[in-house]
Amino acid sequence: MKIDQIDLAFLHLAVSHNNRFNEQDLAGSDLVYLGVGRTLDKLAHLKENNLIQLDGESFRITDAAKKIFWDKDTPLQTRILRLLQVKSFEEPDIVKYLLEEPQSIQEKIDESRKHGLLIFTTIKKDEKITKICEITHEGNEFLQVQSLDPKSQLQKMLQDISTKIQNSKLDNTKIKEILEKIQKISTELD
């Protein structure tokens with residue numbers, strides 16, 4: 001399911017208000033610019049997609065929605081990349097939305113950048129140069145693999161290893177031997 005920037009703002013409002021929000025929270029938030037009609041449309045959309053539920057006089061974020069960005073069992077790197085799929089952000093905004101320690105975010109951003117999963121783009125904003133984090137094609141592929149079940153993840157890794165071995169400078173006999181072993185493992189998984 002695709003989450004847009006406004007969906008994210010509603011979900012973040014809930015998470016930052018003890019997993020729920022009401023009309024007063026909305027009126028005091030950055031979402032007030034939407035107006036009544038668009039707000040009601042967005043709330044209906046979030047409810048239809050099981051991201052929020054009506055809970056008396058307020059809306060409560062669902063566990064499914066919390067798992068996307070705020071589940072501590074999901075690696076921080078994965079949550080950062082998911083956030084960047086919604087929109088490119090400055091590092092302080094990533095900290096704000098994910099509700100994590102700045103140091104932890106910075107470490108994972110640096111690690112992700114080294115692995116080519118995200119890049120920094122500089123833009124001029126209000127006469128200042130600002131660094132924006134953007135997800136790369138490799139970052140999107142990484143998230144695709146993460147969304148697979150463990151068996152499929154392993155199959156994908158074996159496929160990638162096979163491709164690298166075929167493109168290596170090993171002699172053909174060695175390549176064939178390794179590929180046969182990988183194929184045997186892959187067959188065992190099916």
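Start with the lining of the second largest pocket, which by class holds five nonpolar, three polar and five charged residues. Ala, Val, Leu, Ile, Met, Phe, Trp, Tyr, Cys and Pro count as nonpolar, Asp, Glu, Lys and Arg as charged, and the others, Gly among them, as polar. The model on screen is predicted, so local features need pLDDT of at least 70 and side-chain atom pairs count only at pLDDT 80 or more, while totals for chains, interfaces and linings use all residues. Residues are numbered from 1 along each chain as its sequence is written, and side-chain values use heavy atoms, with hydrogens and water left out.

**Stop 1: the second largest pocket**

This pocket has a volume of about 350 Å³. Select Glu-138, Glu-141, Phe-142, Val-145 and Asp-160: of the 13 lining residues, these are the closest to the pocket's centre. Helix 8 (137-146) and helix 9 (150-166) are the elements that give two or more residues to the lining. Helices (H or I, at least four residues) and strands (E, at least two) are DSSP runs, numbered from the N terminus.

A pocket is found on a 1 Å grid over the protein atoms alone, as an open set of points where a 1.4 Å probe fits, with protein on both sides within 12 Å along at least five of seven lines; lining residues have an atom within 4 Å of a point. Grid points are joined across faces, edges and corners, and the volume is the space filled by probe spheres set on the points.

**Stop 2: Ser-162**

Stay in helix 9 and select Ser-162. Is Ser-162 buried or exposed? Ser-162 counts as buried, because its relative accessibility is 16%. Buried means under 20% relative accessible area, exposed over 50%, and partly exposed in between (1.4 Å probe, protein chains only). Leaving out residues up to four places away in sequence, Ser-162 touches Leu-179 and Ile-182; contact means heavy atoms within 4.5 Å.

**Stop 3: the nonpolar cores**

Next select Leu-8, Phe-10, Phe-21, Phe-69, Ile-80 and Ile-94, which touch the most other members among the 41 residues of the largest nonpolar core. Helix 1, helix 3, strand 3 (58-61), helix 4 (63-69), helix 5 (76-86), helix 6 (91-98), helix 7 (102-114) and strand 5 (128-135) each give two or more residues to this core. Which element gives the most to this core? Helix 1 does, with eight residues. A nonpolar core is a set of buried Ala, Val, Leu, Ile, Met, Phe, Trp, Tyr and Cys residues joined through side-chain atoms within 4.5 Å.

Centre the view on Phe-69, which touches Ile-3, Leu-8, Arg-79, Arg-82, Leu-83, Val-86 and Leu-98, not counting residues up to four places away in sequence. A second, separate core has five residues, including Leu-158, Ile-165, Ile-175 and Ile-182.

**Stop 4: salt bridges**

Side chains of opposite charge can pair when their charged atoms come close. The structure holds nine salt bridges, each being a side-chain nitrogen of Lys or Arg within 4 Å of a carboxyl oxygen of Asp or Glu.

Select Asp-7 and Lys-42, whose closest N and O atoms are 2.8 Å apart in a salt bridge. This pair links distant parts of the chain, with Asp-7 in helix 1 (residues 5-16) and Lys-42 in helix 3 (residues 35-48), 35 residues apart. Asp-7 counts as buried, at 1% relative accessibility, and Lys-42 also counts as buried, at 14%.

Move to Arg-20 and Asp-55, a salt bridge with the closest N and O atoms 2.7 Å apart. Arg-20 lies in strand 1 (residues 20-21) and Asp-55 in strand 2 (residues 52-55), so this pair ties together parts 35 residues apart in sequence. Arg-20 counts as partly exposed at 32% relative accessibility, as does Asp-55 at 29%.

For another pair, select Glu-127 and Lys-124, with the closest N and O atoms of their salt bridge 4.0 Å apart. Both residues are exposed.

**Stop 5**

Most residues other than glycine have a negative phi, and most peptide bonds are trans. Asn-18 is not a glycine, yet has a positive phi of about 60 degrees. Look for Asn-18 in the loop between helix 1 and strand 1. Asn-18 is exposed, with a relative accessible area of 65%.

Leu-99 has a positive phi too, of about 55 degrees. Find Leu-99 in the loop between helix 6 and helix 7, where it is partly exposed at 41%.

Finish at Ser-88, in the loop between helix 5 and helix 6. Apart from neighbours within four places in sequence, Ser-88 is in contact with Ile-132, Cys-133 and Glu-134.
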